[in-house]
Amino acid sequence: MQKISFNEFSLIGNEKKYLNNFINSKKISAPNIFSKKCEKLINKTLNINYSLLTNSCTSALEIASILSKIKAGDEVIMPSFTFSSTANSIVLLGGKPVFVDINETTLNIDANEIEKAITRKTKAIIVVHYAGIAADMHKILKICKKYKLLLIEDAAQAYGSFYRDLPLGSIGDYGAISFHHTKNISSIEGGCLIMKKKNDFILSQYICDKGNNRYDFVNGKTNKYNWVNLGSSYRASEVSSSILLAQLEKHKNIKKNRINLWDNYHENLNDLEKLGKIQRPTLPDYCQHNGHMYYIVLDKIFDRARIIKKLSRSGIESTFHYIPLHNSPAGLKYGKFVSEMKVTNNVSKRILRLPLHNNLSKKHIEIICEKLKSYLK
Ligand SMILES: Cc1ncc(COP(=O)(O)O)c(C=O)c1O
């Protein structure tokens, strides 16, 4: 029986060559040749001025929170259907996540629910572009402007996706991207923070260097470095950046391949949706996606755990996520929510994620869809 894994990291271009160059260069301390080249390429690709490579998207979100000056008592609105890192970035500074429901169409924060959650304490909104599909940025930007709120984009899954002609991660005040090995473009573990202002860029350099102004020291602006700001150890290493550079160079090929696979699933599963057995992802016309993830939402008559088990017995790995944050142990302790969170509760019980990675073929997808169809008969 052939095994089809849910996710696989693959070498796509010059990874081995650049790793070798890194080892031979002896320039091991970051920021150096590879991280600078990556940042330059990201800036060009996303049409932005300031990016900072980090050791994870989690770190990028934490830097965004420090730059947003989140403090005790501040409230930050976000979806509950997200990863813990989104909420931790606020809680670590004493802020309170305020969880809002998602909409059924994109599984992103429901823009129509946001205003109900705004109070005098609200400081920012964090949107998550789930599956690399854009949240409703027009409505959300309007709310931010009306209430003078900062906008942070958790674009962990969204490198290479767009809202109209705007790259995701580049629209809000801050954008955080993940280069974890489960993502389209990977440095095994890594991330990136996108900023609009030069001042934020300089401050982000101190924050990621444990709060020291080592950046000024390295650039000859001071003869010793000092503790100048709140910070931690957030910088990407040169070794991970050498892998990342090779992947970033191939981002167009990776996206094209993933979108083809995504389209194969979508076509193949059309019948199941017509029969009312599943709901397929919806692409709003404002969004160009990056083929990050193919998920289905099972009809409530099906037992998801059984389907996962059956697929697994056929050698096919599938999975689910997210477990909602609003009623998780830490969510109840640190956050609050204002509505019933109906869609979040419902979708999180029924969503099923299918394999999608560079080593997958059209044939694999046919096998997966055939199995699914037989289990959902
Ligand atoms: C929405 C979201 N935000 C943040 C993260 C954290 O990313 P990283 O593993 O790069 O820290 C994830 C992880 O998948 C995520 O799904």
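This is a predicted model: local features need pLDDT of at least 70, side-chain atom pairs count only at pLDDT 80 or more; totals for chains, interfaces and linings use all residues.
Student: Where do I start with the chain as a whole?

Tutor: Start with domains. The assignment gives domain 1 (15-249) and domain 2 (251-375). Their centres, taken over C-alpha atoms, are 25 Å apart.

Student: How many residues does each domain bring to the contact?

Tutor: Domain 1 brings 37 residues and domain 2 brings 33.

Student: Which elements give two or more residues to the side of domain 1 that touches domain 2?

Tutor: Helix 4, strand 3 (96-100) and strand 6 (162-163) do. Strand 3 has the largest share, with 4 residues.

Student: And what classes of residue make up that side of domain 1?

Tutor: Count them by class. There are 19 nonpolar, 12 polar and 6 charged residues on the side of domain 1 that touches domain 2.

Student: Now the ligand. Which residues around the ligand come nearest?

Tutor: Of the 14 residues around the ligand, the nearest are Ser56, Cys57, Thr58, Ala156 and Ser178. Helix 3 (57-67) and helix 4 (84-91) each supply at least two residues of the shell. By class, the shell has 4 nonpolar, 9 polar and 1 charged.

Student: Let me try a single residue. Where is Asn327?

Tutor: Asn327 lies in the loop between helix 12 (304-313) and helix 13 (329-334).

Student: Why is Asn327 called partly exposed?

Tutor: Count its neighbours. A residue is buried at 20 or more other C-beta atoms within 10 Å, and exposed at 12 or fewer. Asn327 has 15, so it is partly exposed.

Student: How far apart are Asn327 and Leu356?

Tutor: Asn327 and Leu356 are 29 residues apart in sequence. In space they are 29 Å apart, C-alpha to C-alpha.

Technical notes: Residues are numbered from 1 along each chain as its sequence is written. A residue is near a molecule or strand if its C-beta atom, placed from the backbone, lies within 6 Å of it. Ala, Val, Leu, Ile, Met, Phe, Trp, Tyr, Cys and Pro count as nonpolar, Asp, Glu, Lys and Arg as charged, and the others, Gly among them, as polar. Domain bounds come from an automatic or database domain assignment. Two residues are in contact if their C-beta atoms, placed from the backbone, lie within 7 Å.
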